[in-house]
Amino acid sequence: MADATIAPKAPPGRLALYLMLGFSAGLPFYMFNAVLTLRLARHGIDIVLIGFFAWVALLPTFKFVWAPLLDRFDVPGFGSFWGKRRGWIMLSQLGIFLSMAAMAFTSSDRSLPLTALFAVLLAFWTTTLEVAADGWRIELAPTKAEQGPIVAANLWGYRSAMVAAGSGAVFVAGQLDWTWAYLVIAFAAFLPFPILVGTARDAGHEGSRWAALGTGLVASAVILLASLAATAAVGWAILNVAAQAGMTSRTNVTPAVLALALLPFVGLALALPRIRRLGREAPARRSLAIGPYVDIFWRFGYATLPVLAFVSFYRMGDVMTLTLSHPLWNARGYSLNQIAMADGAVALLSSMVGVAIGGWMAARWRMGAALAGGAIASAFGNWVFVWLWHAQPSNFVLYVAAGLDQFAHGLEGAVFVVYLSLLVNPRYPGAQYAFLSGFAFLLPRLLAGAAGSIQQQIGYDGFFWLSGGLSAAAILFLPFIVNVKPRPAEA
């Protein structure tokens with residue numbers, strides 16, 4: 001992959017668009033992740049069960065399952081007037097709003113299966129929004145030089161929203177309760193929807209805007225109800241199987257979940273020799289369901305394996321930190337107001353600086369050097385929590401740790417998004433980015449589900465030493481992946 005030496009300026013409107021889209025996706029992410037784990041901890045839920053809730057974040061890992069649908073189909077009404085990508089974004093925002101409102105009205109957590117149901121739905125619609133936005137981004141900015149500024153703008157919005165959701169929700173919960181906390185963030189997440197409704201794909205459609213909106217809302221209601229029913233049915237089946245098998249919160253299911261999750265990827269790896277021999281018109285390459293993923297293995301061949309190994313480790317520290325950082329703060333006796341400040345102004349400034357530097361590094365440095373810098377930063381972003389655990393609790397300790405963590409993972413995230421975007425075939429932008437970014441979080445989120453069990457064995461300090469070391473281990477793969485070039489896609 002050639003490195004660009006000059007980064008052209010991105011249109012201001014495009015940067016503003018991806019700042020808004022990043023904000024839309026970042027607001028709900030914390031609400032089914034870090035904020036939810038803190039909420040469960042404050043309700044006295046066992047740390048092992050809290051760890052299991054980290055597996056809600058596994059859903060985005062499998063976004064490749066439905067990502068091809070977003071590349072191929074429109075949302076009725078929304079898609080015909082606002083375009084395919086924007087139509088899916090609008091549907092997703094409706095799903096995010098309703099899922100978060102449902103989490104608000106079940107915020108007592110008296111029924112953990114119900115809490116899990118709405119958390120999964122929130123994760124699903126947040127992920128769908130990201131798939132649509134990522135596909136659109138890669139279409140708008142296909143080169144490395146163009147990607148840097150747009151990725152930085154997108155991550156500024158994303159991480160600003162995460163900070164706003166984290167600090168805002170925790171602050172509101174401290175003043176009122178968790179119901180109001182989730183409702184406030186739900187309404188904030190919905191604000192971009194009327195902005196999108198007020199825009200048109202091109203001129204001359206004023207007469208059809210409201211008809212398209214009505215059709216889109218009816219279609220959205222059907223799709224949202226179907227997703228609720230399907231999620232509830234799958235959850236009910238899983239709980240029944242677990243009950244019949246005699247599983248409890250102390251049962252170690254991580255190996256089984258890991259084996260099942262890796263199965264499709266292992267199958268593709270074993271099929272590599274046959275995939276490499278496929279012609280352009282082969283059914284497997286043209287298939288809606290598997291064609292985009294077969295194309296990755298077809299273009300990169302055996303180099304796909306070290307690439308997937310590398311991406312599996314690269315975000316390890318980020319995910320592991322997100323899982324137990326808030327329970328750690330709670331265990332050290334920090335108040336909701338202190339946590340709100342750490343997740344607020346401190347995290348916002350640190351994160352935006354990290355994203356800006358990471359976007360600049362990705363556009364200007366050789367990709368191998370930028371990736372190495374991100375991995376090292378991520379490791380230190382984890383190890384700072386070892387210091388926090390042993391230090392006497394104070395505002396200074398909390399804010400320094402939170403600031404370094406957000407700076408490091410903002411920098412690492414910006415570099416990583418550009419790297420993954422450059423691996424994508426522009427013919428399948430949404431599906432392939434979903435596959436690669438989903439796989440990147442598979443192993444980290446599987447391990448995050450066992451975070452509570454790991455913490456009980458080695459303590460908070462041992463946990464963060466381990467997670468930082470795993471993140472740094474990604475550097476070992478760099479010699480095998482930095483010079484990988486794809487086979488021409490048209491062959």
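The model is predicted. It contains 23 helices and 0 strands, and buried residues account for 56% of its 491 residues.

**The whole protein**
- Of the contacts between residues at least 6 apart in sequence, 84% join residues at least 24 apart.

**A look at A133**
- You can find A133 in helix α7, which covers residues 112–140.
- A133 has a relative accessible area of 6%, which is under 20%, so A133 counts as buried.
- Setting aside neighbours within four places in sequence, A133 is in contact with Y18, L21 and I89.
- R85 is 48 residues from A133 in sequence, yet their C-alpha atoms are 6.9 Å apart in space.

**Aromatic rings**
- The protein has 23 aromatic pairs.
- Y293 and F435 are stacked, because their ring centres are 5.2 Å apart and their planes meet at 25°, under the 30 degrees cut-off.
- This pair links distant parts of the chain, with Y293 in helix α15 and F435 in helix α21, 142 residues apart.
- Y293 and F435 are both buried.
- W360 and W365 form an edge-to-face pair, with 6.1 Å between centres and 75° between planes.
- W360 is partly exposed at 48% relative accessible area, and W365 is partly exposed at 34%.
- One aromatic cluster is made of F78, F81, W82, F97, F187, F190 and F193.

**Arginines over rings**
- R39 lies over the face of Y182, 4.8 Å from the ring centre.
- R332 lies over the face of W389, 5.4 Å from the ring centre.

Notes:
Residues are numbered from 1 along each chain as its sequence is written. This is a predicted model: local features need pLDDT of at least 70, side-chain atom pairs count only at pLDDT 80 or more; totals for chains, interfaces and linings use all residues. Side-chain values use heavy atoms; hydrogens and water are left out. Helices (H or I, at least four residues) and strands (E, at least two) are DSSP runs, numbered from the N terminus. Buried means under 20% relative accessible area, exposed over 50%, partly exposed in between (1.4 Å probe, protein chains only). Contact means heavy atoms within 4.5 Å. Rings of Phe, Tyr and Trp (its six-membered ring) pair if their centres lie within 6.5 Å; planes under 30 degrees apart count as stacked, over 60 as edge-to-face and the rest as tilted. A charge sits over a ring if NZ of Lys or CZ of Arg is within 6 Å of the ring centre and within 35 degrees of the ring normal.
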